[in-house]
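Student: Could we go through this model together? I would like to start with one of the strands.

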Amino acid sequence: MTQNHIRFFDTTLRDGEQSPGCSMTHHEKLALAHSLADLGVDVLEAGFAIASDGDFAAISAVAQEVRGPRVASLARARREDIERAAKAVEKAARPRIHVFLASSDIHLEYKLKITRDEAIEQAAKMVALARTYTDDVEFSPEDSTRTDRDFLCAFVGAAIAAGATTINLPDTVGYATPEEYAAMFRMIRERVPGADRVILSTHCHDDLGLAVANTLAAVQAGARQVECTINGIGERAGNAALEEIAAALHVRGDSYPYQHSLRLDRLYPVSQQLAGTISFGAAPNKAIVGANAFAHEAGIHQHGVLSNPLTYEIMTPVSVGVPANRMVLGKHSGRHALRSRLEELGYRLSAADLDIAYRAFTELADRKKAIYDQDLINLVAHHQRHEDLISTEIREKAVG
Ligand code: KIV
Ligand code: ZN
């Protein structure tokens, strides 16, 4: 990995899932985890092991089954959390424990009721404990952006000295501006001993609509891991949207000369899969993956795009996995239409698998007026997890 490699840390299954309307079943989490691995994320935060038995089981299953990304569990800076997180990720090829402890005075005083010194001691002890289970430990001072700067430096320094390998600086309440957030990363790099030995990470919430801007500003200030979610789901106004960060790095490589491991043509299919899993999809005007992201209604725009798409499009829809043809599938659609749509979405099926998928499709079409991409992707993802239907590993046959 080069100095300029940006690691994508996906927290759709943790920060995303813990927000209203976003809960997922065990099978849905696993199916999404596989799709996120196909997308190429570097780290998958699969849940918060101590939060529930369901979360623990889902993290363990992801750790056992999903290969490619590092698999992380969140843990408070408490012994029982860390032991539970360690157990949940123990089968992962590359397990990570993500320990967090609040650092702002408002959290220390009103939520945790501990002093700054006690917080430093607890953070160091718990990071050291996590390191006895894995050599990949991330530490997050929660509410970093509202934390006294001298204390933040001391807190981060103690976590690094105790063995943290990634330091994440969350803008927990979405309060920061891009300039401030970038300055905080520069300050940590300049003032904290050992900061050059760890990966610095962003984690931005979107309360002021600045999550992606803040993320990108921090990358320019030296962050090399970005925490984000598909469709920007997450607590309150959500987290930084993975697809927006990825597209910005791609389209504006002149300003952001960094590498990453994502397959951009998987962005739209994963976004659709998530939309079909939780209780809402991306807003129509959502960048990159919204239904109108590449739609042109005004005559002048239509004329321009027909003459040369570059007049009004800064990236091609196909480059982010949006199918070029806008045919609507329904109960009168045939096998060819289904196959071609699935291929556009990245799934190339054998004749036998197509038969099975077509049967499932017609059953669904009998119940629903129109079948959308998210229905097709979920149909494939669902059957992929149930050997009774699709016989071969469709995921391995994804186009490209
Ligand atoms: O927003 C936040 O501070 C978090 C931490 C637990 C990383 O989600
Ligand atoms: Zn968060």
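Tutor: Strand S3 (residues 70-76) is largely enclosed by the rest of the structure, because five of its seven residues are buried. Buried means under 20% relative accessible area, exposed over 50%, and partly exposed in between, with a 1.4 Å probe and protein chains only. Strands (E, at least two residues) and helices (H or I, at least four) are DSSP runs, numbered from the N terminus.

Student: Before we continue, what kind of model is this, and how are residues numbered?

Tutor: This is a predicted model, in which local features need pLDDT of at least 70, side-chain atom pairs count only at pLDDT 80 or more, and totals for chains, interfaces and linings use all residues. Residues are numbered from 1 along each chain as its sequence is written, chains are lettered from A and ligands numbered from 1 in the order in which they are written, and side-chain values use heavy atoms, with hydrogens and water left out.

Student: Back to S3: how many bridges join S2 to it, and do they run parallel or antiparallel?

Tutor: Strand S2 (residues 43-48) and S3 run parallel and are joined by five bridges. Two strands pair if DSSP finds at least two bridges between them.

Student: Which residue of S3 is the bridge partner of Phe 48?

Tutor: Phe 48 has Leu 74 as its bridge partner in S3.

Student: Changing topic, where is Gln 272 found? Is it buried or exposed?

Tutor: Gln 272 belongs to helix H11 (residues 267-277). Gln 272 counts as buried because its relative accessibility is 11%.

Student: What is Gln 272 in contact with, leaving aside its neighbours within four places in sequence?

Tutor: Apart from those neighbours, Gln 272 contacts Asp 373, Gln 374, Ile 377 and Asn 378; contact means heavy atoms within 4.5 Å.

Student: And Asn 378, where is that found, and what does it touch?

Tutor: Asn 378 is part of helix H15 (residues 373-384) and is buried as well, at a relative accessible area of 18%. Not counting residues up to four places away in sequence, Asn 378 touches Gln 272, Gln 273, Gly 276 and Thr 277.

Student: How many helices and strands does the protein have?

Tutor: The protein has 15 helices and eight strands. Its radius of gyration is 22 Å, close to the 21 Å that the globule rule gives for 400 residues, so the protein is as compact as a globular protein of that length. The radius is taken over C-alpha atoms, and the rule is 2.2 Å times the number of residues to the power 0.38.

Student: What share of the residues is buried?

Tutor: Buried residues account for 56% of the 400 in the protein.
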